[in-house]
Amino acid sequence: MAPSADRQGYWGRPTSTLDWCEENYVASFYIAEFWNTVSNLIMILPPICGAIQTFRDGLEFRYVCSFLGLAAVGVGSWCFHMTLLYEMQLLDELPMIYSTCIFVYCLYECFKQEKSISLFLIALLLIFSVSVTVVYLQWKEPVFHQVMYGALVACLVMRSVFIVTWVYPWLRPLCYTSLGIFLFGFLLWNIDNIFCDTLRASRQTLPSGVGVVTQFHAWWHIFTGLGSYLHILLSLQIRSTYLKYRPNVKFLCGVWPTLHIEPQKTS
């Protein structure tokens, strides 16, 4: 993690159990880690738009919750990196568990009758979420949170690969793009942790505009935010295809993917 020799700013001395590789209070007196903060916009604005579009299309509320869950992670991460306070760290990390539980529910219930509810799976995911929360509040070990989050992501990966291998193989490009982008972000996250001293030293010699590119934790936000957003689109396409809707991927401004559900064809 980041060395301790950082500037002091508006929020005072960090109380979080993690302090990332970006130098504190360099870009702004009011934002501890500026680039790690603003990079969360990709996890806030597009998911909110996705939730609105999903609600307008009249799709199941679980998918609105998926988008809003991702947005909640973005807001929590914004607050955490802006302040480096322990309370804000929890606001970042615990929603990661809760939102991924929603993703798991959507993907494992995608081949069920419309508007059906699996009380067993809901209870199982609730027990998991509460257990992780209670343990993490008592045992403030970030590795525990990372392992629990990784277990949920592994469930998503296995289910997604199964579906695009045996059920809807035409969705493989979207599935593997989402997974590849997420894993690339995870790679950058590890580089940022392992080579922090080297990265910080390089920023002292590089022009400021170039040094920003070495803020790999901010890139982690961007790539995992995009990968998670694409996963929700994948989950939506699987579900809407099963229900015999007509999912249609469109690109906002020719760049950003959105999913629109067209009415069923009448015979």
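I noted that the model is predicted, with local features needing pLDDT of at least 70 and side-chain atom pairs counting only at pLDDT 80 or more, while totals for chains, interfaces and linings use all residues. Residues are numbered from 1 along each chain as its sequence is written, and side-chain values use heavy atoms, with hydrogens and water left out.

**Helix 2**

I looked up helix 2, which covers residues 45-56 (helices are DSSP runs of H or I with at least four residues, strands are E runs of at least two, both numbered from the N terminus). I then listed its buried residues, which are Pro 46, Pro 47, Gly 50, Ala 51 and Thr 54 (buried is under 20% relative accessible area, exposed over 50%, partly exposed in between, with a 1.4 Å probe and protein chains only). Seen down the helix axis, these buried residues fall within an arc of 140°, so they line one face of helix 2 (the arc is that of the directions from the axis to the C-beta atoms). On the other side I found Cys 49, Phe 55 and Arg 56 exposed.

**Salt bridges**

I found 4 salt bridges in the structure (a side-chain nitrogen of Lys or Arg within 4 Å of a carboxyl oxygen of Asp or Glu). In one of them Arg 203 meets Glu 23 at 3.2 Å, N to O. Because Arg 203 lies in helix 8 and Glu 23 in the segment before helix 1, the pair ties together parts that are 180 residues apart in sequence. I noted that Arg 203 is buried at 12% relative accessibility, and that Glu 23 is buried at 15%.

Technical notes:
The expected span of a helix is 1.5 Å times one less than its number of residues.
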